[in-house]
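Hello,

Here is the structure I said I would pass on.

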Amino acid sequence: MGHGATGSWRIYIGGQWVPAESGADYATVNPATEEPLGPAPHAGPADMRAAIAAAREAFDTGPWPRLPLAERRRIMHQIADLMDKRAGELSDVVVQETGATAYLASMSGPIEILRDTADLVLSQPFAESLAPLEFGGRLLQSQVLRQPVGVCGLLPTWNVPIMIAIRKIAPALAAGCTMVLKAPPQTPLSLLKLAEIISESDLPAGVFNVVTGDGIDAAQELVASPDVDLISFTGGLGAGRAIQAKAAETVKRVVLELGGKSANIILDDVDVETAAQIAAAPAYFGAGQTCSMLSRVLVPHGLAAALVDRMAEIVAEKKIGDPLEPDTVVGPLIREERRADVEAYVATGIAEGARLVTGGRRPPHLKRGFYYEPTIFADADNTMRIAREEIFGPVLTVIPYGSVDEAVEIANDSMFGLQANITCRDVRQGLEIAPRLRCGAVGINGAMDGVRAPRGGFKQSGIGREVGKWALDDYLEYQAVTYPL
C-alpha cells in the first residue's frame, strides 16, 4: 500500500513505495472548505532522478516493451477492472482535492479510455511490409515497425486529474513505453490513489512511477533529463512554452495541450431558449476550469439582448456550494490565487468597457471555500483581454456579430485553437461552417466526445493529440528494416 507506518503517503518508484529523500510532506487544501488534506510527500530532483532511472531500466532491460501484445492488452484491462472496483474511492479523492461535482469526478470516462486504448494494441498494426523493390540488381524487402518511444515524462493538470492522467498513461502503456508521472501540486492524492490501484496489477515494476511535490523543481528535472524520450504536458501556455524550450535541448518529443479561448457561434436560425442553455453552461460547468470551455459567445446583433437576458436567468438558477451535495452545480475554484486571477480579469473587463450582466463577485452566503459566481459580460469585442486570454474561471464574454463570415473571422482571431461550437437549427449548416474553424474539435449544438475522438489543438493550443489511435502515434517511433530477398 502507498502509506507508511505513520499513515502518510509515499511516492511510487520501481514498484516500491518509498519516502521522499527529504522526508518532508506538504498538505493540500480542500477548495470547498479550505481545510487541509494530505499530507503528500514533497519530493525533489533527487527523487525524480531515481524515478527516471527506474523507468529507464524497466524500458531498456525489463519485460514490458517485449511482452506479447495480447499480454500487454490483458494487463491494461486488468488495471481498468481494478479502477472500476475502486471507482468510488478515486472519485471521492478527486472531489476533495478539486472541488469538482460528481459528473467531473466520474471514473467512467477514464476507464473507457483505458479499455479502448488497450484494445488498440491488437487492432493497430505494429509491423507492416512494403511491396518488394528492385534496386541495384537486388530485390529488397522493407518492413516498417512501430517501436515504443521510450521513457515518458507525464505532467497532467489538476482540474480533472484522473481523466487527464489516463489520457497519457493509456497510450504510453499501449505503445510499450515506461513512464514517470509528476502529479500536480494541487492534486497529489488523486494520483497516488491511482498508483496504489495500478500497483495491485501485474504491470512490471518500474513501468509506472509517481512523484509528488509542491513546486516545479522535480518537474524541471523530468523535462531536462536526457534519459527521458517524451514529455506530455497539459496546462498553461506559459509553462508549455518553457517545457518545449527545455525539451529542445535534448531533442525529446513533446505532446502539449495548452488551453484555449474557444468560441460558440450562434446562428440566427436558433431557438433562443435552446441557444441560451448551451451558451450559459460553460459559466457553471466545472466552475469554468476546463481548457475546452466555450468562453466566447458570438451572437447575431438581433439576438444578443434576448440571449444575454436568458443566459443570466439560467446561471442565476444554478446552486453554488458544497460539491458533495447532490443538487450542487457550481463548485469552487481550485485555490485562492486562482480566484484572485479571475477577479482581476473581471475588473479588467469592466475597465475595458464590457457590460457586466451577472456575477462578478464571491457568493455572499459562502464564507469558506474559493467560490465565485458565474459571470457574464455583454457588449464586448474581440480586442478585449477578457476575449483574448484564457481566464480559467466561470466568465463568459458575449460578442455580437453581423454575418457568418464575420463570426468565423472572430472565432479564428485567437492565438488558441482548441475547441469551438456552432449552435444552429440546421445541422447541415453547422457541418458546412465547421471546417472553416481553425481548432482541434468542433461541436454542433453542444455535442462533444472526449472519450473516443482525438483531443488537442491547433496553433498555440498545443502539439499532438490525446485519446484513441491518434494518441498512440505520439508514443511510437517508426523503424524501417530492409533486407535482400
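A cavity here is a set of points, on a 1 Å grid over the protein atoms alone, where a 1.4 Å probe fits but cannot get out, and its lining residues have an atom within 4 Å of a point. The model is predicted, so to speak of local features pLDDT of at least 70 is needed, side-chain atom pairs count only at pLDDT 80 or more, and totals for chains, interfaces and linings use all residues. Residues are numbered from 1 along each chain as its sequence is written, and side-chain values use heavy atoms, with hydrogens and water left out.

Cavities

The whole structure holds 5 cavities of 30 Å³ or more; a volume is the space filled by probe spheres set on the points, which are joined across faces, edges and corners.

Of its 15 lining residues, Arg 296, Ala 411, Gln 419, Arg 438 and Cys 439 lie nearest the centre. Helix 14 (404–412) and strand 18 (419–423) each give two or more residues to this lining; helices (H or I, at least four residues) and strands (E, at least two) are DSSP runs, numbered from the N terminus.

Contacts

Beyond its neighbours within four places in sequence, Ile 169 is in contact (heavy atoms within 4.5 Å) with Leu 154, Met 179, Leu 181, Leu 194 and Phe 208.

Regards

Note on methods: On a 1 Å grid over the protein atoms alone, a cavity is a set of points where a 1.4 Å probe fits but cannot get out, and a pocket is an open set with protein on both sides within 12 Å along at least five of seven lines; lining residues have an atom within 4 Å of a point.
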